[in-house]
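Hi,

Here is the model I promised to pass on. Have a look at it first, then read my notes below.

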Amino acid sequence: MTILFSLLLIFGHAQQGSYELNVTVENIKEPKGQLIIAIFNSKENFLEKPFKSQTVAVSQNSKNIKFTDLPQGHYSVSIIYDKNENGELDKNFFGIPTEGFGFSKKSMGAFGPPSYNDTKIKVDSDEAITIPLKYM
């Protein structure tokens, strides 16, 4: 009876499609400050309202962050290297970022951030991606 119950739990977990996304952030210039990592699940919410997010302290030049319980679907990941820990991407007078940033699929926009479609990844199993930070 316990084996049957365990199998039902495992099968139920697989049917629900709950997956992990492991994000490795590279090219952190200085091991201080924090990373703000956000996952977006739609074009309408992109860069406005994250589906999930984490803020983690930086103590080395790369960092691994794990997101769990993601349903199957398409997601875009954005990262801000918030060196001064003010909770936002700082920009200069011309609107050019003065802190590091990155997006899934290593996308860059021509004059501003890339689009959701340029950054979206498909999650239908446990996934691992690497995002190197960019600096202007």
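Let me start with Glu-20, which is partly exposed, with a relative accessible area of 25% (buried means under 20% relative accessible area, exposed over 50%, partly exposed in between, with a 1.4 Å probe and protein chains only). Before going further, the ground rules: this is a predicted model, so local features need pLDDT of at least 70 and side-chain atom pairs count only at pLDDT 80 or more, while totals for chains, interfaces and linings use all residues. Residues are numbered from 1 along each chain as its sequence is written, and side-chain values use heavy atoms, with hydrogens and water left out.

Back to the charges. The structure holds 3 salt bridges (a side-chain nitrogen of Lys or Arg within 4 Å of a carboxyl oxygen of Asp or Glu). Glu-20 pairs with Lys-66 in one of them, with 3.8 Å between the closest N and O atoms. Glu-20 sits in strand S1 and Lys-66 in strand S4, so this pair ties together parts that are 46 residues apart in sequence. Lys-66 is partly exposed at 45%. (Strands are DSSP runs of E, at least two residues, and helices are runs of H or I, at least four; both are numbered from the N terminus.)

Glu-30 and Lys-83 form another salt bridge, at 2.4 Å from N to O. Here Glu-30 is in the loop between S1 and S2 and Lys-83 in the loop between S5 and S6, so the pair ties together parts 53 residues apart in sequence. Glu-30 is partly exposed at 33% relative accessibility, and Lys-83 is partly exposed with a relative accessible area of 33%. Asp-124 and Lys-122 also meet in a salt bridge, at 3.8 Å from N to O.

Now the strands. In S5, 8 of the 10 residues are buried, so the strand is largely enclosed by the rest of the structure. S5 runs antiparallel to S2, with 7 bridges joining them (two strands pair if DSSP finds at least two bridges between them). Ile-36 has Ile-80 as its bridge partner in S5, and Ile-39 has Val-77. S5 also pairs in the antiparallel sense with S6 (residues 101–103) over 3 bridges.

S2 is mostly covered, with 7 of its 7 residues buried. Gln-34, Ile-36, Ala-38 and Phe-40 point one way, and Leu-35, Ile-37 and Ile-39 the other.

Cheers
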